[in-house]
Amino acid sequence: MSEFVVGLTGGIGSGKSSVASLFADLGIDVIDADVVAREVVAKGSDALAKITAHFGSEVLTPEGELDRKALREIVFSQSEAKQWLNNLLHPRIREGMVEQAKAATSPYCIIEIPLLVENKLQHLVDKILVVDCQEKQQLTRTQSRDQAHEAQIKNIMKSQCSRQERLRYADDIIDNSGDFDALKANVQQLHQGYLLQSHDKSSK
Ligand code: ADP
């Protein structure tokens, strides 16, 4: 069981997934909040049954899975519906992340949580690691990754907290304005520090 949990966060395109996979390469268990969020509404889950009872079967695909696009369209313009959904899903996602962190077997583990600050999840983790780069880099990197429209990415960036706000919560910061080699070196250095801190915590 990993007793030391690092929360990895950052804005869209800042490099969270890249950082997470570098830690995974070093043998560290990585839990992805987005994956947990999909697991809690998997076919057969009680959350999916509740969502269907609330919104009707139009939020299901013909295969009985959650139709995310249909659900997104319903909650998009209805703040009450969004609130209802968040109240249902957020506790389950939190529980799922904590459970998986407890089951981790590496000396420490990482939970990648894009909206850690926005959803006030600081208390779930021992340390907060923020990946940061300039907004312009976030935009161009996301554009080349997703082939998405500039306006669409800018809207997502606007819905997230500002770099300054996020950095206020950081225990550690990875400046990802350089190349992949610099990123890798940064991760290796942090890894050494986290190994020491996890050892200190477990020997207390
Ligand atoms: P996030 O998970 O925060 O949205 P990603 O890790 O997916 O961000 O990075 C966004 C895109 O930018 C990916 O295509 C990734 O390969 C690329 N990228 C990440 N870091 C760098 C870097 N230092 N130099 C160049 N490209 C990068």
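This is a predicted model: local features need pLDDT of at least 70, side-chain atom pairs count only at pLDDT 80 or more; totals for chains, interfaces and linings use all residues.
Residues are numbered from 1 along each chain as its sequence is written, local features need pLDDT of at least 70, side-chain atom pairs count only at pLDDT 80 or more, and totals for chains, interfaces and linings use all residues. Side-chain values rest on heavy atoms, with hydrogens and water left out.

Let's start with the overall layout. The chain splits into domain 1 (1-28 + 107-204) and domain 2 (34-105), with bounds from an automatic or database domain assignment. Their C-alpha centres sit 24 Å apart. Twelve residues of domain 1 touch nine residues of domain 2, where contact means heavy atoms within 4.5 Å. About 800 Å² is buried between the two domains, and carbon and sulfur atoms give 71% of that area; buried area is the accessible area (1.4 Å probe) that two parts lose on being put together, summed over both.

Now for the ligand. It has 14 residues around it, and Lys16, Ser17, Ser18, Arg145 and Asn176 come nearest; a residue counts as near if one of its heavy atoms lies within 4 Å. By class, this shell holds two nonpolar, eight polar and four charged residues, with Gly counted among the polar ones.

As for polar contacts (pairs of N or O atoms within 3.5 Å), a side-chain N or O atom of Asn176 is 2.7 Å from a ligand nitrogen. A polar backbone atom of Gly178 also lies 2.9 Å from a nitrogen atom of the ligand, while a backbone N or O atom of Ser14 is 3.3 Å from a ligand oxygen. The protein covers 80% of the 560 Å² of accessible area that the ligand has on its own, by the Shrake-Rupley method with a 1.4 Å probe.

Note on methods:
A polar contact is a pair of N or O atoms within 3.5 Å; within protein, one must be able to donate a hydrogen and the other to accept it, and residues adjacent in sequence count only if both atoms are side-chain atoms.
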